[in-house]
Amino acid sequence: MKTEPRIEDWVGRTLEAGEGEVVVEEGYIRPWLEATENANPLYWDERVQREITGGPIAPPSMLSVWMRPLNWRPGRVKARRPLELHFLLKEAFDLPEGVVTENEMTLHTPLRPGDHVRVQESIREIGPLRETNLGVGRKWIVDVTYTNQLGELVGVETYRMFGYKRRSEP
Amino acid sequence: MPGERLPTMEVPVTARMIVFGAAASRDWQPQHHDHTWAVERAGTRDIFLNTPTMAGWLERYLTDWTGPYGRLGRLTFKMRKPMCAGDTLVFDGVVEEISTGWVDVALTLTVGGEVATEGRARVAVPAREGENPWVRERWDP
């Protein structure tokens with residue numbers, strides 16, 4: 001019989017999610033600006049870039065783009081998952097569905113073309129079992145800390161999630 | 001001034017915009033590109049905007065207002081309803097607090113008059129003429 005996992009075994013757990021699989025580059029920045037129709041001259045005008053940020057940077061809101069794993073690469077049998085700790089929690093607590101209820105980003109050193117990120121995930125909190133319109137589940141908070149190749153803090157993302165089991169499922 | 005309103009911005013949502021945003025954020029979860037999966041598995045009306053793209057739109061809304069010296073320090077938001085093709089997003093912001101070099105803005109995104117996303121941002125702006133938030137020594141977002 002499967003025993004219910006203990007919350008205290010999970011809170012505080014960290015996971016070194018490794019290095020982002022893409023390098024910060026204009027080839028990713030341009031489509032982001034195009035998708036959000038962002039005309040900020042900081043990303044389009046070289047003179048403005050030189051003056052304000054000493055050269056091109058990536059829009060800070062792109063933070064999570066740099067950690068999402070490649071969907072495919074040679075020799076990879078099983079896809080790597082972004083927010084691995086969230087998926088591990090879903091599995092451990094047998095809550096097959098999950099939604100992000102709140103997203104927070106705190107932004108520090110800007111990323112520049114050629115940079116790459118390193119990511120650490122950690123579980124800050126796990127709530128009690130509760131019933132909602134979606135089903136029965138738990139809230140949890142996962143922090144994702146990004147550093148650059150020099151070890152400088154780039155940003156922290158905080159995901160407030162709800163992992164749950166749909167009502168219709170046994 | 002606290003209470004100052006940012007200009008309202010209206011953005012019509014299209015399937016292309018949703019898929020483009022998902023691709024630009026490298027997010028291939030099916031609810032952001034596969035209509036059948038979105039409707040039958042996720043139980044939503046259609047494919048919907050993903051969280052990273054929403055962050056991108058909010059940053060763009062804020063920096064349209066601040067100009068290029070505006071530097072996002074903190075952004076928090078809750079997506080309350082899925083935003084699908086055919087919806088028109090109405091972005092509104094109100095200045096909540098101003099301190100030296102920082103502006104706190106409350107953000108609301110409505111669709112058909114109903115709140116779809118709400119959030120809060122802390123944006124660095126020049127503390128005085130000639131100050132550049134991007135090279136500020138004491139960065140405390």
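Predicted model: local features only at pLDDT ≥ 70, side-chain atom pairs only at ≥ 80, totals over all residues.

Biologist: How many residues does the contact take from chain B and chain A?

Modeller: It takes 35 residues from chain B and 39 residues from chain A. Putting those two chains together buries about 3200 Å², and carbon and sulfur atoms give 54% of that area. In chain B, the residues that lose the most area to chain A are B:R26, B:P68 and B:W134. Together they make up 22% of what that side buries.

Biologist: And how many salt bridges are there across the interface of chain B and chain A?

Modeller: The rule finds three salt bridges there. One of the side-chain pairs that meet in a salt bridge is B:R74 with A:E104, at 3.1 Å from N to O. There are also 16 residue pairs in polar contact across the interface of chain B and chain A.

Biologist: Which elements give two or more residues to the side of chain B that touches chain A?

Modeller: Helix 1 (15-24), helix 3 (51-66) and strand 2 (71-79) of chain B do. By residue type, that side of chain B has 17 nonpolar, 10 polar and eight charged residues.

Biologist: Strand 2 of chain B, then. What does it do with strand 2 of chain A?

Modeller: The two run antiparallel, and four bridges join them. Strand 2 of chain A covers residues 97-107. Take A:M105, whose bridge partner in strand 2 of chain B is B:L75. For A:T106, the partner in that chain B strand is B:R74. B:R74 also turned up above, in the salt bridge with A:E104.

Biologist: Which residue of strand 6 of chain A stands opposite A:T106?

Modeller: That's A:V156. So A:T106 has a bridge partner in chain B, B:R74, and stands opposite A:V156 within chain A, given that two strands pair when at least two bridges are found between them. Strand 2 and strand 6 (residues 153-166) of chain A pair in the antiparallel sense over 10 bridges.

Biologist: Switching topic. How many helices and strands does chain B have?

Modeller: Three helices and five strands, and the pattern along the sequence reads β-α-α-α-β-β-β-β. The C-alpha trace of chain B spans about 55 × 30 × 20 Å along its principal axes. Of the 141 residues of chain B, 54% count as buried.

Biologist: Back to chain A. Which residues of helix 4 are buried?

Modeller: Helix 4 of chain A runs over residues 84-92, and its buried residues are A:L85, A:H86, A:L89, A:K90 and A:A92. What covers them includes strand 1 (14-19), strand 3 (117-126) and strand 5 (135-148) of chain A, among other elements.

Biologist: What's the phi of A:D94, just after that helix?

Modeller: About 55°, so a positive value. Most residues other than glycine have a negative phi. A:D94 sits in the loop between helix 4 and strand 2 of chain A.

Biologist: And B:R26, where is that one found?

Modeller: In the loop between helix 1 and helix 2 (35-40) of chain B. Phi of B:R26 is near 60°, again a positive value in a residue other than glycine.

Notes:
Residues numbered from 1 in each chain as written. Chains lettered and ligands numbered in written order. Heavy atoms only, no water. Contact = heavy atoms within 4.5 Å. Buried area = accessible area lost by both parts, 1.4 Å probe. Salt bridge = Lys/Arg side-chain N within 4 Å of Asp/Glu carboxyl O. Polar contact = N/O pair within 3.5 Å; in protein donor to acceptor, adjacent residues only side chain to side chain. Nonpolar A, V, L, I, M, F, W, Y, C, P; charged D, E, K, R; others polar. Buried < 20%, exposed > 50% of the residue type's maximum accessible area, 1.4 Å probe, protein only.
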